[in-house]
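Trainee: Could we go through this model together, with the cut-offs spelled out as we meet them?

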Amino acid sequence: MRPLVLAAALTLTAITGCGATVEPTATTDAKAVTLTNCGREVTYDKVPERVVTNDVGITELMFALGLEDRMAGFAMPDDKGDLTGVPWKDGYDKVKWLSKDQLTKENVLDARADLVFAGWNYGFREEGGFTPDALKKLGIPSYILTESCRNGRTESSRGIMPPLEALYTDLTNLGKLFGVEKRAAGLIAGFRKQVAAVRAGIPADAARPTVFLYDSGQDQPFTSGRYAAPDQIISEAGGTNLMHDVADSWTTVGWESVVARDPDVIVICDYGDVGAERKKDFLLSYAPLRDVSAVKHRRIVVLDYVDLVESPRNPAAIARLGAYLRTVRTDG
C-alpha cells in the first residue's frame, strides 16, 4: 500500500490535473505493446505521437494522463458545456480543436494522426465508413473507448463491463501504451477513494431512490442502460438506475416503461441545442408523466454531458449526485 501522503498527493493531482509530474513516456522505438481492447488483443508497434480524439470525455482521459504533447488534435461539438473551469483547461489551450462536429478520414489524415481514440457512437460509425477497420486500411491504428464496445446482443448494443471498470480499464491501457503507468494508477487510486467516500456516506438503512436518466427525446426518451456511465454513477451515489435491466449502454426506451416504473428522481443530461431548462420544462409539462413521483415532487437534477459519459469527471459526478440523493425522501 502506498504511503498516505503519496496517496493524497495522487488524489489531488487526479482532481486538478495541473502541474503534474508525469514519468517520461516511452520512446517511439520501444518494443510493441499489446493491449486487450473490447475483448480483442491489439498490438501497437510504437508509442503514438500524434493522437486524435473524438468527444469531450475521451479527450479528457488523455489530458488527465498528462498526454497533451502526444496529441495532434480533437473533435468535439461546442455544446458540451463550459470548458473554462475544467481541471484540464491547459490541455484545451495546448491541443488543436480539429472539428466542432466529429472526426472524419479527412481531418485525421490532415492531422497526420498515428492513433485515433474514439468509440462507437463517440466518433466511430458505420455510416460514412469511419471505423477502426477503415482506418487500419489507411495505416492508422485505433483504440476504442471501452464504454462503447459492442457486445453482440444486437447489431448495435454496447457495453461489456460495469462503467467505472470501463474507465479504469482505459486508464490502465493508456498508461501502459504511453508509458505513464504510475500516473494512471494514481488516478485510479484517487478515483476509487473518491467513490468509496461517497459510498461510505450513504446511510445503511436508507431507501435507494430509483433514478431515470433523461438524455433527450420527446416521442421516445434516450437513456442509460446498465453499461453506460450513468448506471454506476447512480448506484454509487445511492440510487438505482431505472433501466438497469437494459443490457446496453445509451439506448432508447418507451415512455410507458418510465411511467410504469415510477422513478423517484430524474437526472437530466445537459448538452446540445435543447438545454437543461427546456428539457425540464418538457418533463414537467408532458401529460403522461404527471403522476410520476419525480415529476409530482419536482425531484429533477442536472448533470453535464461530460459527467455522464465515460470520463475522468465521473467520480466527481457521483459525489454531487450522492449529495442530492441524500436529501430525497421516497415515502411520499
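Trainee: Is E236 buried or exposed?

Mentor: This is a predicted model, in which local features need pLDDT of at least 70 and side-chain atom pairs count only at pLDDT 80 or more, while totals for chains, interfaces and linings use all residues. Residues are numbered from 1 along each chain as its sequence is written, and side-chain values use heavy atoms, with hydrogens and water left out. Buried means under 20% relative accessible area, exposed over 50% and partly exposed in between, with a 1.4 Å probe and protein chains only. The relative accessible area of E236 is 12%, so E236 is buried.

Trainee: Which residue meets the side chain of E236 in a salt bridge?

Mentor: A salt bridge here is a side-chain nitrogen of Lys or Arg within 4 Å of a carboxyl oxygen of Asp or Glu, and E236 has such a partner at 2.9 Å, N to O. That partner lies in helix 7 and E236 in helix 8 (residues 229-237), so the pair ties together parts that are 37 residues apart in sequence; helices (H or I, at least four residues) and strands (E, at least two) are DSSP runs, numbered from the N terminus. At 42% relative accessibility the partner counts as partly exposed, and its name is R199.

Trainee: How many residues does helix 7 have?

Mentor: Helix 7 covers residues 181-200 and reaches 28 Å from its first C-alpha to its last, close to the 28 Å expected at 1.5 Å a residue. That expected span is 1.5 Å times one less than the number of residues. Among the buried residues of helix 7 are L187, F191 and V195. The number of residues in helix 7 is 20.

Trainee: In which helix does E165, the salt-bridge partner of R192, lie?

Mentor: The side chains of R192 and E165 meet at 3.7 Å, N to O, and R192 counts as partly exposed at 41% relative accessibility. E165, at 31%, also counts as partly exposed. The two are 27 residues apart, with R192 in helix 7 and E165 in helix 6.

Trainee: Which cysteine forms a disulfide with C38?

Mentor: A disulfide is a pair of cysteine sulfur atoms within 2.5 Å, and a search of the whole structure finds one. Its sulfur atoms are 2.0 Å apart, and with -80° about the S-S bond the link is left-handed.
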